[in-house]
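Student: I have a protein model open on my screen, and I would like to walk through it with you. Could we take it one question at a time?

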Amino acid sequence: MTAGSALLAFDGSHIDGSLFTSITDLARDTRWLNGFVEWWTNVQLGVFAVLMVVGWWRARRRDGAAMTLALAVPVSVGVAFACAEVVKKIVAEQRPCRSLPHAFIVETCPVPNDYAFPSGHTTVAAASVAALFLLDRRLSAIAVLFAVLEGFTRVYVGAHYPHDVIGSALLALPVAYLTSLALRRLATPTVTRLRERLPIPLLVAADHRPSDREPARPADPTHATHATPPAHATPSDHSTPSERATRATQSPPSHGPGRHARR
């Protein structure tokens, strides 16, 4: 551990320890809420997964760039989380439960090498906000609300200092945003070709395939199956020869217009 790391490891409580204890004192005063918040701070990560699925579902009816961004959201979150883990090992800041052992801590104190800065939970939340912003800003706005709640609950249960949460956001937002931008630029042509050649439900909705969006071609009159008979066509006579001979003998002789004129 370097000198700088040791300084952060032991001085984490001196950065914003008073704010941390103010929030944990709130947890002490609301013991009836402790169990739910401890459960929700972990389960809430599933909300971001649901928002990713909703964004992907909507992207199936959009263009290739949107689908690329939808597929890039979990990748961007993973990249941001990996970066946070690297920083966590470098900084090696001790958890508040070790630096402030007399503070009220809801969550069980983790092993010593599970460091505090930055917060992994908040990293996932903030990265989801940034990646969803490029895909669907409404979903990103919803993610912002849950990300703020996630950061607060991490301090409430005593798992992180406030600066751990803020540092997570400052790290995850640009990393996830730039990762999604890069993937959109690099992977959109490939995703677009896959949507055209392999229109599976993963990439395009069944009612939004390229063949379904093509305008209908006008019918070729030369291939019509039922042609309209000419107006002068005579209906076919299905009577027998004997019936036709009988009608011919019973019909009166026709008189030309000259005879009628002489009468």
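This is a predicted model: local features need pLDDT of at least 70, side-chain atom pairs count only at pLDDT 80 or more; totals for chains, interfaces and linings use all residues.

Student: What share of the residues is buried?
Tutor: Buried means under 20% relative accessible area, exposed over 50%, and partly exposed in between (1.4 Å probe, protein chains only). Of the 263 residues in the protein, the buried share is 39%.

Student: Which helix gives the most to the lining of the largest pocket?
Tutor: On a 1 Å grid over the protein atoms alone, a pocket is an open set of points with protein on both sides within 12 Å along at least five of seven lines, while a cavity is a set where a 1.4 Å probe fits but cannot get out; lining residues have an atom within 4 Å of a point. Grid points are joined across faces, edges and corners, and a volume is the space filled by probe spheres set on the points. The largest pocket holds about 170 Å³, and H6 (120-135), H7 (137-156) and H8 (162-197) each supply at least two residues of its lining. With 6 residues, the top contributor is H7.

Student: How many charged residues are in the lining of the largest pocket?
Tutor: Asp, Glu, Lys and Arg count as charged; Ala, Val, Leu, Ile, Met, Phe, Trp, Tyr, Cys and Pro as nonpolar; the others, Gly among them, as polar. The lining includes Val144, Phe152 and Leu173. It divides into 10 nonpolar and 2 polar residues, and the number of charged ones is no charged at all.

Student: What is the volume of the largest cavity?
Tutor: A search of the whole structure finds 1 cavity of 30 Å³ or more. Among the residues lining the largest cavity are Arg95, Cys97 and Glu107. Its volume is about 40 Å³.

Student: Which residue forms a salt bridge with arginine 95?
Tutor: A salt bridge is a side-chain nitrogen of Lys or Arg within 4 Å of a carboxyl oxygen of Asp or Glu. For arginine 95, the closest N and O atoms are 3.0 Å apart, and the partner is aspartate 114.

Student: Why does the pair of glutamate 107 and arginine 154 tie together parts that are apart in sequence?
Tutor: The side chains of glutamate 107 and arginine 154 meet in a salt bridge (3.3 Å, N to O). Glutamate 107 lies in the loop between H5 and H6 and arginine 154 in helix H7, so the parts tied together are apart in sequence by 47 residues.

Student: Which helix holds both glutamate 85 and lysine 88?
Tutor: These two side chains meet in a salt bridge (3.7 Å, N to O). Glutamate 85 and lysine 88 are 3 residues apart, about one turn of the helix, and that helix is H4.

Methods: Residues are numbered from 1 along each chain as its sequence is written. Side-chain values use heavy atoms; hydrogens and water are left out. Helices (H or I, at least four residues) and strands (E, at least two) are DSSP runs, numbered from the N terminus.
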